[in-house]
Amino acid sequence: SWAEGTVSLSINALPLCPTISYTHDYYVDENATVDGNGVRGEGEQGRDYYVKFALSHSFQLVSGSTLALGASAGYFNYESNRKKGFSDIVASAKLATSAGPVSLFGQMNFAYVPDDDFNSEGDNEYRWWANFGVAFSI
């Protein structure tokens with residue numbers, strides 16, 4: 001098990017709404033760590049962190065509908081498992097619409113995973129995924 005904390009700073013007044021975030025992991029269970037020789041349970045706790053820089057912009061399509069485009073890059077120091085590097089470069093497009101109390105969204109995401117520590121040594125460099133959601137406001 002672990003505890004995680006994130007601090008984020010966005011500047012909405014600037015074009016493309018730049019955001020930087022820092023996430024720090026602290027493992028409560030020392031068996032979740034690996035030392036320099038690969039021995040489980042002997043690594044140092046509290047040294048994993050992830051830093052992400054992101055840009056995004058939303059476009060009003062018609063009343064109640066928006067298209068949001070985003071891009072981000074993340075660096076992951078995954079020291080508890082002896083991995084570190086640029087773990088992801090992501091591009092996304094999200095279409096959202098609402099009518100009365102109901103909101104719908106769909107999002108497509110593409111990630112390039114440049115560092116061999118995170119892409120199975122080149123076997124998994126490109127990843128696609130989608131998100132969908134529905135919300136009802138009371």
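These legends describe close-up views of one predicted chain.

The model is predicted, so local features need pLDDT of at least 70 and side-chain atom pairs count only at pLDDT 80 or more, while totals for chains, interfaces and linings use all residues. Residues are numbered from 1 along each chain as its sequence is written, and side-chain values use heavy atoms, with hydrogens and water left out.

**View 1**
Helices (H or I, at least four residues) and strands (E, at least two) are DSSP runs, numbered from the N terminus. The order of elements from the N terminus is β-β-β-β-β-β-β. The chain has 138 residues, and 25% of them count as buried. Buried means under 20% relative accessible area, exposed over 50%, and partly exposed in between (1.4 Å probe, protein chains only). The accessible surface of the chain is about 9000 Å², and carbon and sulfur atoms hold 58% of that. Accessible areas come from the Shrake-Rupley method with a 1.4 Å probe; for residues, only the protein chains shown count as cover. Of the contacts with a separation of 6 or more, 41% join residues 24 or more positions apart. A contact means heavy atoms within 4.5 Å.

**View 2. β4 and β5 form a hairpin.**
The two strands run antiparallel and are joined by 14 bridges. Strands pair if DSSP finds at least two bridges between them. Ala-73 stands opposite Ile-89 in β5. Between β4 and β5 lie 4 residues. Arg-82 in this turn has a positive phi of about 60°.

**View 3. β5 and β6 form a hairpin with 2 residues between them.**
Strand β6 covers residues 102–112. It runs antiparallel to β5, with 11 bridges joining the two. Ala-99 has Val-102 in β6 as its bridge partner. Gly-100 in the turn has a positive phi of about 60°.

**View 4. The largest pocket holds about 280 Å³ of space.**
Rolling a probe the size of a water molecule over the atoms shows where empty space is left. On a 1 Å grid over the protein atoms alone, a cavity is a set of points where a 1.4 Å probe fits but cannot get out; a pocket is an open set with protein on both sides within 12 Å along at least five of seven lines. Lining residues have an atom within 4 Å of a point. Grid points are joined across faces, edges and corners, and a volume is the space filled by probe spheres set on the points. The lining has 19 residues. Lys-52, Ser-72, Asp-88, Val-90 and Trp-129 lie nearest the centre of the pocket. β3 (48–62), β4 (65–78), β5 (83–99) and β7 (126–136) each supply at least two lining residues. The lining divides into 10 nonpolar, 6 polar and 3 charged residues. Ala, Val, Leu, Ile, Met, Phe, Trp, Tyr, Cys and Pro count as nonpolar, Asp, Glu, Lys and Arg as charged, and the others, Gly among them, as polar.

**View 5. Ser-72 sits in strand β4.**
Ser-72 is buried, with a relative accessible area of 14%. Leaving out residues up to four places away in sequence, Ser-72 touches Lys-52, Phe-53, Ala-54, Asp-88, Ile-89 and Val-90.

**View 6. Leu-16 and Cys-17 lie in the loop between β1 and β2.**
Most residues other than glycine have a negative phi. Leu-16 has a positive phi near 65°, and Cys-17 one of about 40°. Leu-16 is partly exposed at 44% relative accessible area, whereas Cys-17 is buried at 18%.
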